[in-house]
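Biologist: I would like to learn how to read the charged contacts in a model. Where do we start?

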Amino acid sequence: MLLRLIAVALTLAALTVPAFAQSSFTTSLSPQEQAALESARTHELRGDEVQAFEAYRAFVQLDGEAVDIDPKFAAMARARLGLDPARALFRQMGELHGAAFRLALATLTELSERRKALEAFVATHPDYGPALVLLANEYYRERIEDAPLRDRLRERELLSAFLGLDAKGKLAASFADSTMLAAWIDRAERRLAVLDASLTDARAAPSVAFSRSNSTWMVNLLMPEAATEISYRVGDGPYRKTASNQWADSPTGRTLPATNFDLPLDTPKTTILVKYRDLRRNEIGPFPIGFDPEKIILENARATLEADWPGWVQYSDGETNRDWVYFNTPMQTRCAIKSLDYGFDGPPDTPFALPPCNFANPSGEPADATSAVKMGPNVRSVSARITFLDGTVGTRSYRRPKR
């Protein structure tokens, strides 16, 4: 516990400069306040922590309003006296002080509760810039990848608001030392640049890819960040957790949840709700994901037809049936096709009859259907023209392999 208290003091001290030049004092300080701070500076430079502590106490008791002093004094009191005596000391000073004093008091909480206390302070003082920085520091992680997405977004929001207040000239009055304000601004700008870089491609919600087999719908989730648990609900049904993977995340050793699950083939059009827990076990979501089986079949079929592989025309690669050309891909994706025409050694001028779309088995080939056409032995290329359901047309030509 002692080490954690010292760490708190060092963290808050990192946001302040223990010594400052007299020329950097803000003009709002009274002569008595300036004298108290000069005394504190002198004792700090001499290494006299006891006298420095008393000089800072004198400044605070003068109702000094300086966010670079009050929270620092709170950290010193916590490290020297302990948490409860430090709280008692601040309460003894009365409640006539301003925002800087109340902010310092908010930092005198248990480590596990400090973020909550600072969030409450910011909720009631949304335009008090220094509080935004102290709260942002609660979300800080030295390794940016260790910070959950929600924490990074909140840290960026707070630092952006802090810098926005600086642009409006609303920060200087809160600091006793103008060089301290410059240091806070510089740190905020550098950290914001790191956060922006880490969030360039970040998504706030999971994205999804659907695929269909002969027995099931497969739902594959692309998560916005590492998750410790993923749950989903189909329509009005109960939430279900995805399975656990058989391997652990190498950096953390955690067993990660599977990012995929299956749905029955007869699942109707509905909404799937997905939620997850991040690395801090915070619950994120739920996020609605639309599931429309017919729309998905059409979109996947169109995507397959627009890809270069496997192509609209296939040739036999053996001696058997070598004079036949196959339209396997259009047959399997016919739900997205209005009409198909083909031609030998020229433009497509011959209709190819595709069976009607069957959404219950969209890629299946009826028993009485065929996907092949016989070619003459001297045919060198086959062209194909597809008219899609939306009226757009595509034409491709495929050279016959040499025998």
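Modeller: With the term itself: a salt bridge is a side-chain nitrogen of Lys or Arg within 4 Å of a carboxyl oxygen of Asp or Glu. This is a predicted model, in which local features need pLDDT of at least 70, side-chain atom pairs count only at pLDDT 80 or more, and totals for chains, interfaces and linings use all residues. Residues are numbered from 1 along each chain as its sequence is written, and side-chain values use heavy atoms, with hydrogens and water left out.

Biologist: How many salt bridges does that rule give?

Modeller: The count is 22.

Biologist: Which residues are linked in a network of salt bridges?

Modeller: Glu229, Lys241, Lys275, Arg277, Arg281 and Glu283 form such a network. Within it, lysine 275 pairs with glutamate 283, their closest N and O atoms being 3.6 Å apart.

Biologist: Is lysine 275 buried or exposed?

Modeller: Buried means under 20% relative accessible area, exposed over 50%, and partly exposed in between (1.4 Å probe, protein chains only). Lysine 275 has 17% relative accessibility, so it counts as buried. Glutamate 283, at 38%, is partly exposed.

Biologist: Where do arginine 57 and glutamate 54 lie?

Modeller: Helices are DSSP runs (H or I, at least four residues), numbered from the N terminus. Both residues lie in helix 3 (residues 49–61), three residues apart, about one turn of the helix. Arginine 57 and glutamate 54 form a salt bridge, with closest N and O atoms 3.0 Å apart.

Biologist: What about glutamate 306 and arginine 302?

Modeller: Their side chains meet in a salt bridge at 2.8 Å, N to O. Glutamate 306 is partly exposed at 47%, and arginine 302 is partly exposed at 22%.

How values were computed:
Helix = DSSP H or I, 4+ residues; strand = E, 2+ residues; numbered from the N terminus.
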